[in-house]
Amino acid sequence: MWKEIEKRESGRIRPRSFANRVKSSRVASLHLSNHKDIVSPHKGSVNSLQVDLTEGRYLLSGASDASAAVYDVQQPQKLEGGGLIAKHRPLFVIDKQHEHRHKYAISSAIWYPIDTGLFVTGSYDHYIKVWDTNSTQVVMNFKMPGKVYSTSMSSLATSHMLIAAGTEDVQVRLCDIASGAFAHTLSGHRDGVMTVQWSNSSEFVLITGGCDGAIRFWDIRRAGCFRVLDQSHSQLGRRPPLLERSAMTKGSTSRSLSGGQNMSKVAAVSRKSSHGNGTKHPGSNRISAKGPIKQRLHPGMLSGQDRATAHYGAVTGLKVSEDGMYLFSAGSDSRLRLWDIESGCNTLVNFETVRLQTNKPIQLSMCADSALVFVPCMTVVKAFDFWSGKTCFTFRGHYEYVNCCCYSAQDQELYTGGNDRQILVWSPFISYEADEGTTRNEDSWSD
Amino acid sequence: MEEEEVGRVRQLIEKATDTTAAEVDPRLLKAIKSVVRHSDSELRTAAQTLMSLMKRNHSQVRYMSLLIIDELFMRSKLFRTLIVENLDQLLSFSMGFRKNMPLPAPQAVASRLHSKAIEFLEKWNASFGVHYRQLRLGFDYCKNNLRLQFPDIQGNATRIQQERREREIRTQEILHKKFKTLKESFPLIKEEIQSTVNEIEECLDIVSTKEEPVPPVPLDDEDCDDFRSREILQLRLASLKEAEKVHEDMDNKVLFDVLRELYRLLVTRHLVSVQQWISVVVKVDVTDNRQRDSTLKELINIQNKIQFVKRKCEELVSALPTTAKQNLEEEEDIWEEGKIEPRDNGSSTTLRNQYENPSVPSTSGLESMTSGGSIGESGGSKASIESGGGKNNSRTKLLVEAPVMRWGPYLDNWGSNSGVLANQRGLDLESHWGRVDYDAVIPAEKIAELSVQATLYKEEQVNIKPCHAPLSRGGLCQRRDLKVCPFHGPIIPRDSAGNPLDQNVSADGRTYGPETDLVKQLAKQAVKNVRTRDREDIEKRINDKQSLKRAKLAKIREHNEAVLREAALASTSRSADIAEDIDGIGTDKPSSRKKKETLASMLRKKVTTKDRLSERLLNARTTDATVRQLRSDEDSCYREAFPNQW
């Protein structure tokens, strides 16, 4: 540690890599925190957790008893056990007493990505509600056709304020906060939609995973989905550098069936456009380039590729990597898959066998600094290495199934919520001096 | 070396858990603790072993391991951190709250395991919950999600203490109030008591001065009786003493009434209240100690004075009630009696005896018979019998010896040795059954044989004495057993407190001098010693024989195993290991196999009558047979009912 600082001082390490090293060493020592308790007010399983994206300070939780709560994870309300245990009580709770409360379980609760003034909850009572954080009142109300499984807002959107909602219904709906109406209805899934995620590279690309086992990519500026991931369509390992990649895609297309040939070309094109200039200028030139091809190819994709599946059984969890290049998915077939978004291929990373919850969407989380993905596996949370698929850590603490986990990149802390109504904090290990007054924790051999 | 050590703690733990007992063998536990204390690696293996034992499919094993875990958990920090990491597993194995993992077989042990686990979790949480989030989590989970009932030992203790404190505070309040009222009314009460006492003293003065000249001879007519008897002499003395007291008569009746009244007031009201006040003052907890002490002193003085006056009254005046608690009617009763016969006390019965006894010798034998029936009534009457005639004496002796017989016709010729003529019975029918031999005689032996009394066995009514051993919660054991109480051992005579009396003295009732006693005890001890030595010798001999035999067997077994091992070595290396394992178990602890069996036997279901019956009745063959039979019956019925159908 001191050596690193010295190196940084002398300028031998760049500030960013220094920070990364510190962060990854902290992540490597994550353990169940004894000094930070989140007092869960929930009387049902915790289904959703999210730390706000602006300050990294407020944790939002949604639970099965139709309650949602917000905690301050940095400033404790109370110290207990001789100042040893910091209790974080909820700042406010929306529960059954609230006049605009949800009727049934809240399946997802997310922050408005721009600031902490709003948050969104989706519930099994078919409603999506937008809340004002400060007054804890409902600002907007969307009635969905079925139980809401998942909601998502794009963190890089500048031109729209859309909530993507995956419900029991086969259609994915986009709710516009600005107008209070449904902006889009995306149809293509053959069963309910378990998870929705916005792409991290383009504000117009939405990824959805359905109970039919398909992962679909949608460009919200046009109708229909433009890609369906196929688990049999695979590439080995990380994507090679640019030049070789084009050669390889050509090779793979030549090898693949005639139906898929067009598809992969399209994928290559759309990849180039969405990745290359997605964030910089979501301009009109791309549409002109891509639109006509897409439209032409649409019928073909429907017949051949539309039936492709990413998992046997439902897709229960999706997570896009921070750079927007990879997609991580979990299915009710207890498989974890890593997809290259650009090529649309299964990278065939062999994640060690786990058992996953099958009947509920699970919330995955990623840690970009040390390339870890946190997956709730029944009663434990496992951290897998992104590239090798090896289990790095196992977080054992919950007594029942874990539904969600949320990694706070700012504090290098992990929050997990499960069916046992608890929200646990996993924090980097800090050795506290044992000068607590109450009872000392040491050996006491009498004989 | 290391491996051997590691093996040691595992062996110890396995040995400790491999019993059917309810507790861990304290010696083994101590050994485990001492081994584990000195090395961390040992502790790690211990934790590992214990966790793997917790997974065993046997509640007894789990229970024993849980006990050991608790012992180590309360002591070692490292062990705590190791255990806490897998606390959810430990809890699910010890409480069985997961539906797919219920607690295994012996039901009784399983429930004990469950309750013990809950208790331990609470204890651990109370003492180390601050340091381990996992403990708090587990506790919360069990309490809030599973809704398990924790014994809440600490909470109970504090609650009880709180209650006691509250009660004390309340009593103090009451005492304070009482003390306050006492302080206010103290001069008044004092005055009242003083006045009563003064009045009594005045009355007594008057009575004593007035009664002095009265001659103390109220028993004049009895004086002329004979003084020979000692008893009468005693009586006389007592009456004389009593006569010194002042007696009531027509003249001082009013005075006595007043005195009586005052006395009653003093004893029932003042004395009692003063005693109560004293107890209040003693118990009360006030800041002003000096005042309290002075009040107490005064109260004690008053009490003493009252008691003094009371004693004086009782000494001087005979007709006063001696106890304060008698109620009014009773008191009046006694006074009336006192008026009629002032000396009717305990000695009157002896007097009556004295009067009656002189007539005993002169009465007829019949009366003495009745008194003889109840031997040992009193010393006096016994003496009178002995002084009576010798005839009477022999008769009573015979009566004591005589057997008690039922009445019957055989009593007619009791003790006669002659035979009986068989055919001499008044009414004769001449030669009806042919010729009759009139001289036929039934011999005496035959008659005796015929008239032998059948005696029914009657159980003797034994008065079984209670054990009377002192119990831990006070009182004596009231169990009645013939010889041995199952809880307190052989029944021996005990005194009222339950302490065993010395058997030598009490058993034969006679009293020896201390030296003879000692000698006898020594002799007894010597005999005992010799006997035990003999017994030991015999046992030793048997043991020797057995060990010889065992050694021989072991040799044979060793040979067999060696052969087997060789064979195994020839085939695989793995089987050699197994063979060694078996060998280790076989020679290391020959008793382990037996114990294993008992552990397994805990699991085995008891075969009930129902099971056996069902086994007999519900097996495939019988059911088939029954079904076939039923079907054929049905067929035949059908055929009979519809004979024209095919």
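Let me start with the surface between the two chains: about 2,700 Å² is buried between chain A and chain B, and carbon and sulfur atoms give 46% of that area. Please keep in mind throughout that this is a predicted model. For those of you new to this, the size of an interface is often given as the accessible area lost when the parts come together.

How many residues take part in this contact? On one side there are 29 residues of chain A, and they are in contact with 34 residues of chain B. Between the two chains, the count of residue pairs in polar contact is nine, with both residues at pLDDT 80 or more. If we ask which elements of chain A give two or more residues to the side that touches chain B, the answer is strand S2, residues 36–38, and strand S31, residues 423–428. Sorted by class, that side of chain A has seven nonpolar residues, eleven polar residues and eleven charged residues.

Now to the salt bridges, of which the rule finds two across the interface of chain A and chain B, while the count over all chains comes to 16. One joins the side chains of A:Asp37 and B:Arg133, at 3.0 Å from N to O. That pair crosses between chains, running from strand S2 of chain A, where A:Asp37 lies, to helix H8 of chain B, residues 133–145, where B:Arg133 lies. A:Asp37 also meets B:Arg136 in a salt bridge between their side chains, here at 2.8 Å from N to O.

Let me turn to helix packing within chain B. Two packed helices are described by the angle between their axes and the distance between the axes. Helix H2 of chain B, residues 26–38, packs with helix H3 of chain B, residues 40–54, at an angle of about 130°, and their axes are 5 Å apart. H2(B) is therefore oblique to H3(B). From H2(B) the contact is made by B:Val35, B:Val36 and B:His38, and from H3(B) by B:Asp40, B:Glu42, B:Leu43 and B:Ala46. These residues divide into four nonpolar, one polar and two charged.

My last pair is helix H6 of chain B, residues 87–95, and helix H7 of chain B, residues 107–128, whose axes come within 8 Å and cross at roughly 145°. Among the residues making this contact are B:Leu90 and B:Phe93 of H6(B), together with B:Ile118 and B:Trp124 of H7(B). The contact of H6(B) with H7(B) divides into ten nonpolar residues, two polar and no charged.

Key: Residues are numbered from 1 along each chain as its sequence is written. Chains are lettered from A and ligands numbered from 1 in the order in which they are written. This is a predicted model: local features need pLDDT of at least 70, side-chain atom pairs count only at pLDDT 80 or more; totals for chains, interfaces and linings use all residues. Side-chain values use heavy atoms; hydrogens and water are left out. Contact means heavy atoms within 4.5 Å. Buried area is the accessible area (1.4 Å probe) that two parts lose on being put together, summed over both. A salt bridge is a side-chain nitrogen of Lys or Arg within 4 Å of a carboxyl oxygen of Asp or Glu. A polar contact is a pair of N or O atoms within 3.5 Å; within protein, one must be able to donate a hydrogen and the other to accept it, and residues adjacent in sequence count only if both atoms are side-chain atoms. Helices (H or I, at least four residues) and strands (E, at least two) are DSSP runs, numbered from the N terminus. Ala, Val, Leu, Ile, Met, Phe, Trp, Tyr, Cys and Pro count as nonpolar, Asp, Glu, Lys and Arg as charged, and the others, Gly among them, as polar. Axes are lines fitted to C-alpha atoms, for helices over the stretch in contact, and angles run from 0 to 180 degrees between N-to-C directions. Angles under 35 degrees count as roughly parallel, over 145 as roughly antiparallel, 65 to 115 as roughly perpendicular and the rest as oblique.
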